[in-house]
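User: I am new to this structure and would like to go through it step by step. Please show it before we start.

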Amino acid sequence: MKTPLLLFAAFSALITNANAQTDLPTDSGTFFLHKFEQHIGKETYYVHKYKDAVHYNINFKFVDRGSPVPLTAELKVNPVADPLELTIKGNTSRFSTIDDQVTIRGSEASIRVNDSSYTQKVLPLSFPVAGYSPGTVQQVLIQYWNKHKQPVSIHTLPFGAVQIKKAGTDQLTFNGKPLALNRLTISGLVWGNELVWTDNEGKLICLITNDAEGDKLEMMRVPYEELLPQLISKAATYGMELFAKAAAPTGKIDEIIAITGGNLVDVNKGTSIPNAVVLIENGIIKQTGKVKIPAGAKLIDAKGKTILPGLWDMHSHFEQAEWGPAYLAAGVTTVRDCGNEFGYINAIKAAIDGGKGVGPNIIKAGIIDGKGPYALGIIQADTKEEAIKAVDRYKENGFQQIKIYSSVKPAIVKVICDEAHRLGLTVTGHIPQGMTLQQGVDSGMNMVNHVQYVYSIMKRDKDRSVIFDDSVSIAAIKFIKDHHVVIDPTIGVFELAFRNVKDDITKLEPNYYTLPLPLQALFKNMGEEPEKAAKLKPLYESMKKTVKVLHDAGVTIVAGTDMGFPGYSLDRELELYVEAGLTPAQAIKTATITPAMVMGLDKTTGSVEVGKQADLVIIDGDPLRNIREIRKVSVVIKEGRIYDPVKLHQMVGFKK
């Protein structure tokens with residue numbers, strides 16, 4: 001019920017301001033808001049010029065998978081664009097809110113953040129801003145930056161700083177005529193770099209950013225909507241180029257590499273070979289075990305350490321270029337991207353594969369949704385013809401799997417699966433509304449994302465815990481096993497969503513305070529208030545136990561995160577599997593050879609064996625004894641290229 005009140009308040013503010021002056025707004029603008037390229041809302045701003053101030057009244061709202069995300073704001077600057085006040089209230093995502101006010105009087109700022117109020121000194125070159133939204137505030141911030149001769153950094157209120165850099169000019173064609181847009185990068189408002197395009201008058205044309213859920217979100221000035229697909233692809237390429245240049249000394253490649261003295265883990269057997277040598281030539285594992293080291297080889301001393309195959313995250317959403325270094329730094333050398341913008345993920349993968357970007361191997365799963373109020377993305381199919389066309393397009397563009405999303409009609413699920421199987425693709429995804437897991441599998445789904453869909457077909461008690469010895473639960477597990485369904489549970493995402501926000505977040509993520517500040521802010525309030533968290537605990541514990549029950553029944557489990565703490569969430573996923581009752585060796589297998597087998601790539605990757613691609617991680621500890629030591633990554637090797645995890649993390653703003 002908050003949405004109508006917020007909109008009414010915003011409307012009232014506009015009326016009040018209009019009545020306070022004789023002129024109509026002298027300027028206004030509208031941005032369309034997009035997620036997965038889908039137009040999901042808009043931001044409109046009105047400019048009122050007074051004798052001593054300029055007021056920007058802003059209405060921002062999108063609807064994400066059925067959930068309204070409304071926000072209103074007012075920014076006041078003086079006639080020469082110095083900031084006076086920012087008031088902002090509403091939602092920044094489906095799960096987060098904001099209620100801030102910053103008022104600047106001379107050298108002092110009065111600040112209110114939710115219920116907390118205080119004053120602080122205003123440093124030179126300071127501007128009030130509240131994250132990625134609204135885009136209008138970023139437009140005025142850029143104008144302020146230009147007015148002050150493009151300083152290296154600007155302090156932001158209530159805290160932090162931003163760095164704006166002029167990155168180049170892009171020549172486009174619009175309405176049949178040449179159009180030159182200035183390209184900027186902005187860092188400090190979200191994790192990593194926002195990419196921004198402005199015209200020569202300083203008006204914001206396109207902003208590609210990440211919302212408060214970590215999902216990529218695009219703001220596009222309305223007249224230029226047709227340019228969005230081009231700019232999305234350019235954002236992927238430019239973002240990757242930033243790290244390719246920085247990683248040149250980090251990602252060194254040597255013709256011959258010899259890793260010596262480490263405990264080499266055989267993930268097939270769950271055992272290790274002490275004091276082993278791994279010899280790599282031209283990115284391929286040539287010998288393992290007791291090996292004579294050739295002259296001139298690059299030596300890596302792994303004495304007292306553990307050698308593992310590179311880890312896999314089977315539920316990734318590669319939303320921005322920064323994920324590439326973050327994944328590698330955590331030892332993740334392969335990810336399955338479970339749904340993304342078509343042009344964006346193609347450009348990201350092409351950049352990495354072509355040596356113009358830094359990141360893991362990417363396996364692409366193309367998302368298809370149905371039409372409706374909860375739809376996600378622009379690739380939607382409600383008819384047989386639409387479904388076949390979508391699957392064929394993904395196949396032609398190198399996708400290895402199809403992901404079904406929640407609004408696909410039951411009859412269309414079978415069409416998608418039949419066409420995918422005809423083309424040699426497998427099918428994963430959500431179980432769409434109106435279907436059960438059994439119906440999805442009977443329609444042809446090979447895999448299912450998220451343990452919630454297993455939970456939903458099991459017998460539950462009044463407190464929402466699963467009764468595992470009930471015949472319904474037993475039959476559900478048997479069905480999954482008999483039909484060879486692969487499950488990626490994503491337990492960590494439920495732990496984060498259901499956690500008590502009053503609890504210490506470092507219990508989930510011990511590296512929390514090394515995260516970039518925008519990420520810390522993103523995760524700090526993610527979860528539930530104590531009372532609700534307590535009610536959700538039986539549900540969560542049952543989800544976690546389900547992993548053990550599935551594993552013991554012989555169901556194939558693959559580790560996936562659905563994002564969370566970049567890179568580190570895979571470590572947490574494996575820790576939770578061990579908490580559920582798997583051995584560390586069994587947990588590690590779900591993130592190495594098992595996903596390689598599931599994706600039909602076990603002949604070339606997934607384990608440290610002769611003839612396979614040299615994707616390895618060296619751990620400064622023994623994760624077979626203590627799974628938490630898998631976090632102690634000291635060296636990462638991807639396709640024979642050596643990376644330093646500390647330098648990778650520093651590239652994307654992590655502290656060590």
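This is a predicted model: local features need pLDDT of at least 70, side-chain atom pairs count only at pLDDT 80 or more; totals for chains, interfaces and linings use all residues.

User: Does L125 count as buried, partly exposed or exposed?

Analyst: L125 is not a glycine, yet its phi is positive, about 55°. Buried means under 20% relative accessible area and exposed over 50%, with partly exposed in between (1.4 Å probe, protein chains only). L125 has 28% relative accessibility, so the class is partly exposed.

User: Is H484 buried or exposed?

Analyst: H484 also has a positive phi of about 55° although it is not a glycine. H484 sits in the loop between α10 (471–482) and β28 (486–488). Because its relative accessible area is 65%, H484 is exposed.

User: Which residue does a cis peptide bond join to S133?

Analyst: The bond has an omega of about -5°.

User: What is omega for the cis peptide bond that joins L157 and P158?

Analyst: P158 is placed in the loop between β10 (154–157) and β11 (161–174). The cis bond between L157 and P158 has an omega of about 15°.

User: Which residues have the most contacts inside the largest nonpolar core?

Analyst: A nonpolar core is a set of buried Ala, Val, Leu, Ile, Met, Phe, Trp, Tyr and Cys residues joined through side-chain atoms within 4.5 Å. The largest has 179 residues, and its largest share, 8 residues, comes from helix α3 (residues 228–246). Those with the most contacts inside this core are F318 and L437.

User: Which residues does L437 touch, leaving out those up to four places away in sequence?

Analyst: Contact means heavy atoms within 4.5 Å. Under the sequence limit, the residues touched by L437 are I431, V448, Y453, V454, I457, F479 and I480.

User: Is T546 buried or exposed?

Analyst: T546 lies in helix α13. Not counting residues up to four places away in sequence, T546 touches V451, V454, M458 and F468. Its relative accessible area is 0%, so T546 is buried.

User: Which residues of α5 are buried?

Analyst: Helix α5 (residues 342–353) has 12 residues and reaches 17 Å from its first C-alpha to its last. After α5 comes G355, whose phi is positive, near 75°. The buried residues of α5 are F342, Y344, I345, N346, A347, I348, A351 and I352.

User: Which element gives the largest share of the lining of the largest cavity?

Analyst: On a 1 Å grid over the protein atoms alone, a cavity is a set of points where a 1.4 Å probe fits but cannot get out, a pocket is an open set with protein on both sides within 12 Å along at least five of seven lines, and lining residues have an atom within 4 Å of a point. Grid points are joined across faces, edges and corners, and a volume is the space filled by probe spheres set on the points. The largest cavity holds about 120 Å³, and of its 15 lining residues the closest to its centre are N193, L195, Q320, A321 and Y344. The largest share, 4 residues, comes from α3.

User: Which element gives the most to the lining of the second largest cavity?

Analyst: This cavity has a volume of about 100 Å³. Its lining takes two or more residues from each of α11 and α14. The most, 4 residues, come from α11.

User: How many charged residues are in the lining of the second largest pocket?

Analyst: The second largest pocket has a volume of about 400 Å³, and of the 18 residues that line it, R499, N500, D503, K537 and Y540 are the closest to its centre. Asp, Glu, Lys and Arg count as charged, Ala, Val, Leu, Ile, Met, Phe, Trp, Tyr, Cys and Pro as nonpolar, and the others, Gly among them, as polar. The lining has 7 nonpolar residues and 1 polar, and the charged ones number 10.

How values were computed: Residues are numbered from 1 along each chain as its sequence is written. Side-chain values use heavy atoms; hydrogens and water are left out. The expected span of a helix is 1.5 Å times one less than its number of residues.
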